[in-house]
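Biologist: I'd like a close look at one part of this model, and then how the rest of the packing looks around the chain. Could you take me through it slowly, with your cut-offs spelled out?

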Amino acid sequence: MNSIFPWLGIAVLILCGWAIVKKYQVNMVLLLGGLILNLLAFWGGAEIFPKKFSATGIVGFDLIELLRTISVSQVSGVGFLILISGGFAAYMQAIGASDRFVTVCAKPLSLIKNPYLILAAVFIVGHCLGLVITSAAGLAMLMVVTVYPLIIRVGCSPLAAAAVVASVLAIGYAPASGTANFASELVHLDPIEYLVRYQLPMAVPTILAMAAAHVVTQYWFDKREGRGIVADLSELEQKREKLEQTPAFYACLPLLPIALLLVFNKFVWGVSMNVATAMFIAWIASFFIDLITRRNIKESFDLSFAMFKGMGSILTSTVGLIFVAAFFAKGLQNIGIVALLMHGADSIGLGYTGSSVVLSAIVGVVTVLTGSGVAAFTSLGQLVPAAAQSFGENGISMMLMMHTASEMLRAMSPVAGVIIIVAGFAKVNPLTMVKRTIVPCLTGYVVMLITVSVLF
């Protein structure tokens, strides 16, 4: 391939990045970018089609056939897994199980009376809830209802409480998180293995460091700026009481898939239960439990349909994006950008770890600029297998860095949905919130990079 083509590809990459930052529809940006990149690679003489590809001889048709092939492989693999995970999460929300899970987990926090100790505890507990609840905005609003009043009553400022609540979902865990399942698939790991062997050892020091950074940061800002405006807590109390009307044992239902996967895995039984199978079993079991508890057959049947509605929602928000992101990543690889980047990294002595840090930083910057790391991670994450192979590595540490950056640095973005929602509740500008989240997020990011580099 002519050496000019990778540079043309970089120009297309920059243009696509600009369009995403400017809030152009991400799916179409990546689709058109993928078409241009693959077409340029074809003109440059690269072999862009996989082996056993049935070419028609008409390049335009062949490019669309390549998109179809990629989409089929994605939907039959990780795409289906993400669909089921999203559907199960929607069903848990519909029957009130995920809400009840948060209220039960928040109960012990009421025993803490020190204002800054409770901030650290809320951050740690809230982060652990991410094992079940994968929506940053959804989890933040549940925590606003359940623990925000507790934080205020022990003497914390509303802004300190809001900053902690808005940043709790720093890591998206497998098997509940769609992006975590996507990451594990790319590095050929079972989601539970990705969680237990890699995510959890990385998360423990990272989250403790973020919690400590929150305490120092919020204390410093409270001393400097004062307490600010206190929201009306009576309305929150009413909402919390409504959530607690759901039976307490419903809090166990969101944990059923994780329990099944932890029990029926190759480390215990020698065989692994598929994540989708565990989700289906948990959904059906939860349906019968809800049917017996609710004693309203029609209502339980209606609520069960939330599984399918959730799958439809996740198809438009995540799975469809993965299709075009994979097509876009294929274009980046075909045109030689991956090889160019890896050669450049090697020539300046970055090596595998240095390249991993740089790629994670790129994902992090895009996350901050756009308020969402999904597009950046799903497109650049596709490059990890090829990039890691060029260094003779398995790509797990590179994937961990990039995936975690896409989740952790979201709370630094004033345009992130979770920041906007919580800032609106706290009656402050999102930029005021971000001032209080930057230090904890960057602290966690640095500790994560060091931990992954040392352990993996």
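Modeller: When I say two residues touch, or are in contact, I mean that they have heavy atoms within 4.5 Å. Keep in mind that this is a predicted model, with residues numbered from 1 along each chain as its sequence is written, and that local features need pLDDT of at least 70, side-chain atom pairs count only at pLDDT 80 or more, and totals for chains, interfaces and linings use all residues. Side-chain values use heavy atoms, with hydrogens and water left out.

Let's start with the loop between α19 (374-380) and α20 (384-390), where Leu383 sits. Helices here are DSSP runs (H or I, at least four residues), numbered from the N terminus. Leu383 has 8% relative accessibility, so it counts as buried; the cut-offs are under 20% relative accessible area for buried, over 50% for exposed, and partly exposed in between, using a 1.4 Å probe and protein chains only. Leaving out residues up to four places away in sequence, Leu383 touches Ala329, Leu332 and Val338. Lys330 is 53 residues from Leu383 in sequence, yet their C-alphas are 8.2 Å apart. Gln382 lies in that loop between α19 and α20 too, and at 12% relative accessible area Gln382 is buried.

On to helix packing. Two packed helices are described by the angle between their axes and the distance between the axes. Helix α7 (residues 136-146) and helix α22 (residues 417-426) have axes that come within 9 Å and cross at roughly 25°. The axes are lines fitted to C-alpha atoms, for helices over the stretch in contact, with angles from 0 to 180 degrees between N-to-C directions. That makes α7 and α22 roughly parallel (under 35 degrees; over 145 is roughly antiparallel, 65 to 115 roughly perpendicular, the rest oblique). Ala136, Ala137, Ala140, Met141 and Val144 of α7 meet Val418, Ile421, Val422 and Phe425 of α22. By class that is 9 nonpolar, no polar and no charged residues (Ala, Val, Leu, Ile, Met, Phe, Trp, Tyr, Cys and Pro are nonpolar; Asp, Glu, Lys and Arg are charged; the others, Gly among them, are polar).

Phe425 turns up again in a ring pair. The rings of Tyr148 and Phe425 have centres 5.1 Å apart and planes at 85°, so this pair is edge-to-face. Rings of Phe, Tyr and Trp (its six-membered ring) pair if their centres lie within 6.5 Å, with planes under 30 degrees apart stacked, over 60 edge-to-face and the rest tilted. Tyr148 is in helix α8 (residues 148-153) and Phe425 in helix α22, 277 residues apart. Tyr148 is buried, at 1% relative accessible area. One aromatic cluster holds Phe80, Phe280, Trp283, Phe305 and Phe308.

Last, the backbone. Most residues other than glycine have a negative phi, and most peptide bonds are trans. Here the Ala174 to Pro175 peptide bond is cis, with omega near 0°. His188 has a positive phi of about 60° without being a glycine, and His188 is exposed at 73% relative accessible area. Arg295 also has a positive phi of about 60°, and Arg295 is exposed at 75%.

Technical notes. Helices (H or I, at least four residues) and strands (E, at least two) are DSSP runs, numbered from the N terminus.
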